[in-house]
Amino acid sequence: MKSLQLAEFGKPLKWAHLDTPVPKGREVLLKVDACGVCHSDLHIWEGYYELGDDERMYIAERGVNLPLTLGHEVVGTVEKTGDDVKGVEKGDLRLVYPWVGCGDCKYCKNDRMHMCLSPDSLGVFRNGGYSDYILVPDEKYLVDIDGLKPENACSYACAGLTAYSALKKTMPLEAGETLVIIGAGGLGLMAMQVVHELTAAKVVVIDVDDSKLKSAKELGEYVTVNSKKEDAVSRVMELTDQKGASAIVDFVNNGQTSAAAFSMLQKNGVMVMVGLFGGKLTFSNPVATLKNLTIRGSYTGGLDELRELIDIVRGKKLKSIPVETYGLEAADKLLDKVKKGEITGRAVIKPA
Ligand SMILES: [Zn+2]
Ligand SMILES: [Zn+2]
């Protein structure tokens with residue numbers, strides 16, 4: 001099989017011609033139909049996460065070994081199955097849940113593999129979807145997406161799931177309450193696609209780019225705020241009769257956005273930190289106590305949540321976020337475009 005691999009952090013990806021794996025036991029080999037290019041691919045490619053104050057967390061120290069085939073947003077067609085596979089057969093189209101865990105802990109046993117303390121995620125610790133084939137370690141990680149196009153469905157495995165799981169952590173919210181979404185990039189658009197299925201609350205979307213806010217408007221009813229042109233905190237306070245937002249999901253989550261988010265939270269407010277853009281948040285401890293606040297992180301989501309999300313998308317026939325498709329050879333160029341913030345919606349690789 002032919003894969004584009006990361007052989008050295010920060011260097012161009014390299015073509016690798018590897019033996020196509022033969023699935024054993026509950027393993028499944030899929031031919032890759034579509035693979036989304038995610039912002040976290042960029043972090044892995046660069047080799048580190050910015051932690052703020054010039055500190056970095058190095059990917060190599062987290063157990064990631066090179067060479068590695070990136071790509072964790074994969075839709076594929078089943079090509080071959082191990083002897084113990086019962087639920088899928090050759091020709092079936094499936095979305096891959098990439099957040100593979102140890103299989104044995106309390107999280108893995110309850111479809112919460114993304115919380116596993118010994119992660120073995122596809123495209124991070126195991127070879128992923130920048131390839132014509134991918135080996136999935138267990139058929140349980142495959143989700144039926146019948147009726148959805150591969151290029152539209154692949155990004156539910158990371159961007160969609162991350163957005164959905166983060167939104168769920170703010171629920172329930174009633175009509176009359178306000179939910180703020182910071183960032184209208186891939187994750188933010190995914191959140192907007194599904195948020196009205198979860199709550200009747202008013203949704204305010206904040207970004208610095210008018211073209212991204214325009215895409216938000218096309219997905220549904222949102223109040224949009226360009227924080228480059230107006231003060232986002234005052235605008236949210238004004239929109240909420242000075243009460244503040246009941247919940248905020250911060251898909252940027254840098255020092256600036258998290259500080260703004262903290263100061264627009266209402267009593268009992270929930271703030272969910274999602275983005276990996278570096279930065280640190282300093283806040284008043286007594287305010288957190290007196291306002292009974294919840295400040296928490298959210299990293300991808302569970303297999304159960306991915307199934308729920310796909311059910312919603314299929315059942316409600318939700319409009320897809322904008323998708324641009326490219327050949328596998330474009331992967332390097334796409335990582336660069338993602339870095340520069342030049343992709344509206346999602347860039348998707350179609351290896352065939
Ligand atoms: Zn586990
Ligand atoms: Zn991702």
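So, helix α3 passes helix α4 in a right-handed crossing, meaning the near helix is turned clockwise from the far one by less than a right angle. Helices here are DSSP runs of H or I, at least four residues, and strands are E runs of at least two, numbered from the N terminus. Keep in mind that this is a predicted model, where local features need pLDDT of at least 70 and side-chain atom pairs count only at pLDDT 80 or more, while totals for chains, interfaces and linings use all residues. Residues are numbered from 1 along each chain as written, chains are lettered from A and ligands numbered from 1 in written order, and side-chain values use heavy atoms, leaving out hydrogens and water.

Back to our pair. The residues of α3 that meet α4 include Tyr164 and Leu167, and among their partners in α4 are Met190 and Val194; contact means heavy atoms within 4.5 Å.

Okay, on to the sheet. What is the order of its six strands? This open sheet runs β13-β12-β11-β14-β15-β16, with parallel pairing; two strands pair if DSSP finds at least two bridges between them. β13 and β16 stand at the edges with a single partner strand each, so one side of each has no neighbour in the sheet.

Zooming in, β11 and β12 pair in the parallel sense over five bridges, and Ile182 sits opposite Ile206 in β12.

Last stop: Ala331, in helix α10. Is Ala331 buried or exposed? Ala331 is buried, with a relative accessible area of 0% (buried is under 20%, exposed over 50%, partly exposed in between, with a 1.4 Å probe and protein chains only). Beyond its neighbours within four places in sequence, Ala331 touches Leu4, Leu13, Tyr130 and Ile349.
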